[in-house]
Amino acid sequence: MRAALCSFAILAAAPVFAQPETPNYRYAIVVGNAEYEHMPALPNPDADADLVASFLEDAGYIVIQQNNLTRQGFEQFFRNVIHGLPDDSEVLFYYSGHGFQIGASNYLIPVDAQISTQYDVPFQTMSLDTWIAAIAAKADLKLFILDSCRDNPFIGTSVVDGPFSTQEVVETGFSSQVAPTNSIISFSTSPGAVAYDGIGDNSPYTGAFITEARSNPTTAIEAIFTSVREEVSFRTDGRQIPWSNSTLDGDIYFFVEDVRPPTLDADRPAIGTGAGLDLPETVNISEAWDRNVRIGTRLADLEIDAALDTVTLLKTPEHGLLTYTDVTRGLQLIGAEIEVALREGDTVPASALDRLSYSPRLSDLTDISQENPGRTDNLVFAAGDNEMNVQVNLTVNACDIEAGAQLDPQGVGIEVTAEDMRIDLALEACRQAVEDFPETERFHYQFARALLAHKRYDDAKEHLERARDLGHIRAYTGLAGLETIQSAVAGGFQVGEAPASALANYETAAANGDALGAYGLGRQLLRFGESDAAKDRGYELLLRAFDAGYVQALNELGAYHFNENGGGYEPERGLRYFQEAAGRGSAFGFNNLGLIYTNGLGTIPRDLPLAIENLKAASDKSHPTAPTSLGRIYDGAEGFSADYQVAMEWYDLGLARGDPWGGANGAWIILNQAPAGYTEVDAAVRAAKAAALQNRDAAEQARNLLQPLSNRVLNAAAQTLLAEMGYLQSAIDGQFGTLSLSAYRQALDGYADIEAENEPQARLVSIARAYYKDSKFRVDTF
């Protein structure tokens, strides 16, 4: 059950990349949930979150605030925020709103939460463990402040938890939580207790926290929370006693001395009028899109410091963040460089404009393309009496546009799924990017994605290893996946048990915040784990991947609950996972629902119209096997009224996507039902393609279909396939003479693992094998 796992299960037994000794960025993530739809609204969280955000901005934090998050809003917020955090950060997470515990796990409650069945918790709540683990993987210094545990109507509700459907009960408050290295977790009340709203605009806890922190800027954080505990206990007559758990390495402070020195003081005027400055009407700065872009060099070239001591920021950018690199002389960051977020009215030393940086908002990259690769933002400075307009023009690299990876912890905001990748464009764009920027780790990873799509496995491995050596976290996941995906060279991909080296790579990726690494490791443990503890951990990792935005984890969890031999057979629970996946647009979620409704499994009744609806939705999203499943329905195999013409269309689409059963079943229909417009040669071509793909049962059926066909038909099929591949231009006559033999040799040229055959059936299948090596068949989409 989930209670057996603390929030840092994925951090165990894996190397974690070293962080800098001092963080360069101070981020605050602030959430206030008050406007609940299915339970009484809370009076304070909105105001609490606003008060905390204002305080943290004054303390020098870059604040990211969102109030009243739904479950899917929480998912998107998590993706946007965690994805955009620099690795060398100090991160503070503040939450005000409902929360509860189940066993030893704590959950934040979205405003649309409604727990009406025992299966609702994963889809109606947000795991606190997920936030803590994700932040721990990105940040060097972590602060978690939780003003939650208000009383709520879910208390006492019975739910199932973990891989073995353990019955648990929703309990009041939060359970005690282990703090990651160099962090502090402060709860508004003690474990299992209720936090009160109070009678003012703010809760007793948040009100006391802000009062103590503002009044004591030179007091260490742990001492502040001690004072907060005493104050809240006094205000509530001892009914609410805050609690904290700390692993901080030393004294840490909210206010870093000199983080906003006099040169960043809005009250300090610029010296001089700027007369004689020859400033352009607009300063255009053109750079490559990246997480952080130095724009100050161009401004320093204007030599404003010859006429002025400072410039003043009049207008902040709309689509990103302007920061200034300051060398602090403060308390926990002595001598460190820290990025200070600039606000309107701040002044900057004219002699230090080269320290300005711009960080674009990664979530803004929508409708990006090679035809429209740019993004523009604007900011305005006052330089004496002059107004200086600055236009930042950023161009997204074509490799990012064509092969940016989903949820890549070090990506730049573009996500292209394997199904959507234009693999030829991706290959060329990333080849060029690697050539132009050989030290940029993500380009090597993205190039490897394109190489993998082209089945160039050795080249893909080379660039994955290069990306790994440059520090790219997702490369570990890529290397782990590559060790198994090569078994799918000829299609029919099935997930096998990963070797120890692959598991080690998954461990490293998961420990460093990669949701796909957590998914890969969780899938292995849940499928092949030999102990209950291993399966428990695998289940938890898959839920963590889902919370982080990787919807495919829901399909893996659903499949687990439909496996009668896996120890967690519970069809209704599995169906819920598939429904939630489909509700988030997952092709595999739609396909799984289609299969369930086609067959009727466990307590789930058969419903062919609903099966067709879901399978068509999956096919529309390029699912590789959904078309074949639709073909089975339309050929009458599932009791549906047969329409062989429609069935053939679906089977051919399935075969084109690499599903061998599309070829085997299509060939069977042609030979046994004689649909109009198809010949024995057409059947032989489809059967040969199926026989060349890696699925033992489908290949055996296909070879059995080829066995009784005449040599003339087999030869004509071979000629048809050679013509489809572009090697044969002569007439198809079934003779397989000199021209056909020459084309055959060309087709096999370069494929040492395919032997030339003389027997017609074996020759036809060997041509089909070469066909798949030549084709753009995508093993990376299975």
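Which residue of E11 does Ser186 stand opposite? I looked this up and found that Ser186 stands opposite Ser244 in E11.

I note that this is a predicted model, in which local features need pLDDT of at least 70 and side-chain atom pairs count only at pLDDT 80 or more, while totals for chains, interfaces and linings use all residues. Residues are numbered from 1 along each chain as its sequence is written, and side-chain values use heavy atoms, with hydrogens and water left out.

**Strand E10.** I read helices (H or I, at least four residues) and strands (E, at least two) as DSSP runs numbered from the N terminus, and I took two strands to pair if DSSP finds at least two bridges between them. Strand E10 (residues 183-187) joins strand E11 (residues 243-246) through four bridges, running antiparallel, and E10 also pairs with strand E7 (residues 139-147) in the parallel sense over five bridges.

I then checked burial, where buried means under 20% relative accessible area, exposed over 50% and partly exposed in between (1.4 Å probe, protein chains only). Five of the five residues of E10 are buried, so the strand is largely enclosed by the rest of the structure. Ser183, Ile185 and Phe187 cover one side, and Ile184 and Ser186 the other.

**Five-stranded sheet.** I traced an open sheet of mixed pairing in the order E12-E20-E19-E14-E17, whose edge strands, E12 (282-288) and E17 (347-349), each pair on one side only. E12 and strand E20 (residues 386-395) pair in the parallel sense over seven bridges, and Glu287 has Leu394 in E20 as its bridge partner.
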